[in-house]
Amino acid sequence: MIEQEEKVTSPVTRRDLMRIMGLSAATVAAVSAQAYANPFSTLLATKASPTDGDILTFALNLEYLEAEFYAVASTGHSLSSRDIGGQGQSGRTNGGRKVSFKNPALADLAAEIAQDELEHVRFLRSALGDNAVAKPEINLDALRIGFANDNEFITLARAFEDVGVSAYRAAAKLIENKDYLDAAAGILATEAYHAGHLRSHAVYASVNGPKLDGKDQVPSQKNFVPTDKNGLVIGRSPDEVGKIVRGTSSDGGAFFPVGMNGNIR
């Protein structure tokens with residue numbers, strides 16, 4: 001049985017989240033209305049279909065963010081220099097600190113996920129070879145939460161995992177190389193395990209975080225698993241993912257102050 005924990009003393013409101021990420025009410029409504037549209041429609045309407053390399057590179061940017069978040073939260077340290085170099089603009093990771101976990105089970109989960117995310121970074125970098133992009137600048141304090149206590153950690157970690165799962169779900173149909181598809185499926189499944197555990201922690205600890213966008217389903221006792229009307233996990237396009245992690249401009253903001261590296265930004 002997971003221990004009950006204190007609620008976040010200063011939760012981020014939906015208005016705060018929208019303001020920080022640059023989302024307007026109209027944007028959220030538009031995303032909600034397109035919940036079952038082609039998840040890559042925004043990208044495909046403006047340019048040719050992304051290559052497998054483009055997709056893996058976009059995923060690597062997200063894995064850098066997750067890996068840094070969990071590394072700092074569980075150890076107080078960022079990734080080593082051996083895991084962050086490559087093509088494009090490199091940058092520091094700012095903000096965050098080691099979480100003083102009260103729940104030992106949550107601390108153990110954070111440490112395990114930190115290792116998984118580090119391995120994802122290394123795996124994608126290996127798959128991309130000389131084309132692997134560098135870790136861009138990351139701001140872990142973009143939302144001013146995540147590290148003060150167990151529940152702040154749960155709030156931000158749940159968001160990262162649900163977004164990660166949705167990104168891999170949407171990308172799967174566009175990956176042509178079967179080996180890459182197999183790898184993406186493996187990472188998606190791992191991220192889904194992470195998300196499931198964190199959503200359960202959120203429910204048991206009464207963590208009621210704000211919705212990330214019109215597709216988000218906040219964890220509750222009646223909604224442990226976020227799925228669509230067909231029982232399938234939600235998918236998000238790079239544009240939709242980007243609006244959550246770096247704001248409305250591809251030039252950067254939120255967790256990626258100067259944007260991401262690669263062709264899909």
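R144 is exposed, with a relative accessible area of 54%; exposed here means over 50% relative accessible area, buried means under 20%, and partly exposed falls in between, using a 1.4 Å probe and protein chains only. This residue sits in the loop between β2 (138-139) and α6, where helices (H or I, at least four residues) and strands (E, at least two) are DSSP runs numbered from the N terminus. The phi of R144 is near 65 degrees, a positive value in a residue other than glycine. Most residues other than glycine have a negative phi.

A254 is buried, however, with a relative accessible area of 16%.

The model is predicted, so local features need pLDDT of at least 70 and side-chain atom pairs count only at pLDDT 80 or more, whereas totals for chains, interfaces and linings use all residues. Residues are numbered from 1 along each chain as its sequence is written, and side-chain values use heavy atoms, with hydrogens and water left out.

The chain averages a pLDDT of 86, and 82% of the residues score at least 70; pLDDT is the predictor's confidence in each residue, from 0 to 100. Over residues 1-12 the pLDDT is below 50, and this stretch has 28 contacts in the model beyond near neighbours in sequence, a contact being heavy atoms within 4.5 Å. Residues 16-47 also have a pLDDT below 50, with 56 contacts beyond near neighbours in sequence. Where pLDDT is low, the predicted coordinates should not be read in detail.

Turning to the overall fold, the chain contains eight helices and two strands, which follow the pattern α-α-α-α-β-α-β-α-α-α along the sequence. Of its 265 residues, 52% count as buried. Among contacts with a separation of 6 or more, 78% are between residues 24 or more positions apart.

Helix α5 (residues 104-128) has 25 residues and reaches 36 Å from its first C-alpha to its last, close to the 36 Å expected at 1.5 Å a residue; the expected span is 1.5 Å times one less than the number of residues. Buried residues of α5 include L106, L109, A110, I113, E117, L118 and V121. The buried residues of this helix pack against α4, α6 and α7.

A67 is buried, with a relative accessible area of 1%. Leaving aside residues up to four places away in sequence, A67 touches L79, E117, L118 and V121. A67 and E119 are 52 residues apart in sequence and 8.8 Å apart in space, C-alpha to C-alpha.

The largest pocket has a volume of about 250 Å³. A pocket is an open set of points on a 1 Å grid over the protein atoms alone, where a 1.4 Å probe fits, with protein on both sides within 12 Å along at least five of seven lines; lining residues have an atom within 4 Å of a point. Grid points are joined across faces, edges and corners, and the volume is the space filled by probe spheres set on the points. Of the 18 lining residues, D162, R199, V225, P226 and V233 are the closest to the centre of the pocket. Helices α6 (150-171) and α7 (178-204) each supply at least two residues of the lining, and the largest share, five residues, comes from α7.
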